[in-house]
Amino acid sequence: MDSLRRFLESYLSQVDGLSAILLSDRDGVGLMSAAQPECQWAVEAVVKRGLVPGFCQAAEQAGKLGVGPASAFVTNYGQMTIVLLSCQPLVVTLIGQPDCNIGAMTGLLKDRAFSEQLRRLQQVLPQESGDAAGGSGPVRV
Amino acid sequence: VAQLLSQTNTDGVQSSLLLSLDGALLACSGYTADTDARVLAAIAANLWDTMERCSVNGGGGGNSSSSVGGPSSGVGAGAASSQAPAGLQDMTVVCTNGSLYIAYVSSILLCLYANATVPLGMLRLKAAKLADSLRDPISQITGK
């Protein structure tokens, strides 16, 4: 677990403006997080406010837009920018500064090492029958 | 208004909509594929409301003016407003075959619907410029 946390923490310095990473299931139960000390409150706020379950609910709605299942949300809350990535059955929450590199954050799933770690976690977590949050879609890393 | 909205419907941006916070379509320009524009507006408002309720910096339950953090004024933040939303300011929904960008502009929502070829930054920039054009007229109409 410590190695996974250190692995996630390494990305905090690699991606410009990235302050915290949270890995959770679709119900918002946190599996692992890494955050800069001054941004730990943001991770707790994300969990407390139920952002991940809200994202999953919204992603299910977004699937009705006619452009395929939703793979990511980029939300700007003023003080911070939060990127939520759907990686069934995981949700990756990236919390960044208002001027963070959103492209780098959304492209994190294309990072080989990061995607490999996610794939390992996906294998140990129980799969859910695809109904919500891009059930038929992304992203099986 | 439709003519103004249509100016962004180029290079992959398929439609632009103005809608109220409760999902009522106010104005629309462009092509929304198989989805009725009114349905699109309703879905966009629902997405906004869902993410706004989960706001992590003092929002939730609507775009209230109470805030834990600093000032915010939606897309193209420049002129501060005492009634600007404290929570969600804008959001991008990235789907397999397209994207949806929603932003709060003077008490209503601006929504851009684009195909997968449009870079998210360009979508955001177009929305910011459109919002700058709409902000004052909308403020005069809504009184906010």
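How many residues does helix α3 (residues 51–62) of chain A have, and how far does the helix reach from its first C-alpha to its last? Helix α3 of chain A has 12 residues and reaches 16 Å between those two atoms, close to the 16 Å expected at 1.5 Å a residue. The expected span of a helix is defined as 1.5 Å times one less than its number of residues. Helices (H or I, at least four residues) and strands (E, at least two) are DSSP runs, numbered from the N terminus.

This is a predicted model, in which local features need pLDDT of at least 70, side-chain atom pairs count only at pLDDT 80 or more, and totals for chains, interfaces and linings use all residues. Residues are numbered from 1 along each chain as its sequence is written, chains are lettered from A and ligands numbered from 1 in the order in which they are written, and side-chain values use heavy atoms, with hydrogens and water left out.

## Chain A

The predictor's confidence in each residue is given by pLDDT, from 0 to 100. For chain A the average pLDDT is 86, and 89% of the residues score at least 70. Over residues 129–137 of chain A, however, the pLDDT is below 50. Beyond near neighbours in sequence, this stretch has 17 contacts in the model, a contact being heavy atoms within 4.5 Å. Where pLDDT is low, the predicted coordinates should not be read in detail.

Several residues of helix α3 of chain A are buried, among them Leu51(A), Val52(A), Phe55(A) and Cys56(A). Buried means under 20% relative accessible area, exposed means over 50%, and partly exposed lies in between (1.4 Å probe, protein chains only).

Thr93(A) belongs to strand β5 (residues 90–96) of chain A. Is Thr93(A) buried or exposed? With a relative accessibility of 0%, Thr93(A) counts as buried. Leaving aside neighbours within four places in sequence, Thr93(A) is in contact with residues including Ala20(A), Ile21(A), Leu22(A) and Val46(A). Val52(A), one of the buried residues of helix α3 of chain A, is also in contact with Thr93(A).

## Chain B

Chain B contains three helices and five strands. Along the sequence, these elements follow the pattern α-β-β-α-β-β-β-α. Of the 144 residues in chain B, 53% are buried. Among contacts in chain B between residues at least 6 apart in sequence, 50% join residues at least 24 apart.

An unreviewed UniProt entry annotates residues 101–125 of chain B as "transmembrane region". UniProt positions are given in the numbering used here, feature names are shortened, and annotations may be inferred rather than shown by experiment. In the model, residues 101–125 of chain B are 24% helix and 52% strand, and the end C-alpha atoms are 11 Å apart.

## Salt bridges

Side chains of opposite charge can pair when their charged atoms come close. A salt bridge is a side-chain nitrogen of Lys or Arg within 4 Å of a carboxyl oxygen of Asp or Glu. Over all chains, the structure holds seven salt bridges. The table gives some of them.

| Salt bridge | N to O distance |
|---|---|
| Arg119(A) and Glu116(A) | 2.5 Å |
| Asp90(B) and Arg124(B) | 3.5 Å |
| Arg135(B) and Asp132(B) | 3.2 Å |

Arg119(A) and Glu116(A) are three residues apart in helix α5 (residues 112–124) of chain A, so about one helical turn separates them. Arg119(A) is partly exposed at 29% relative accessibility, and Glu116(A) is partly exposed at 27%. A network of salt bridges links Glu116(A), Arg119(A) and Arg120(A).

In chain B, Asp90(B) and Arg124(B) meet in a salt bridge. Because Asp90(B) lies in strand β3 (residues 90–95) and Arg124(B) in helix α3 (residues 120–142) of chain B, the pair ties together parts that are 34 residues apart in sequence. Asp90(B) is buried at 4% relative accessible area, whereas Arg124(B) is partly exposed at 26%.

Arg135(B) and Asp132(B) both lie in helix α3 of chain B, three residues apart, about one turn of the helix. Arg135(B) is buried, with a relative accessible area of 15%, while Asp132(B) is partly exposed at 38%.

## Cysteines

A disulfide is a pair of cysteine sulfur atoms within 2.5 Å. How many disulfides does a search of the whole structure find over all chains? The search finds zero. Cys95(B) is in no disulfide, and the nearest cysteine sulfur, that of Cys111(B), is 11 Å away. For Cys54(B), the closest cysteine sulfur is in Cys56(A), 10 Å away and therefore too far for a bond. Cys54(B) is buried at 7% relative accessible area, and Cys95(B) is buried at 6% relative accessibility.
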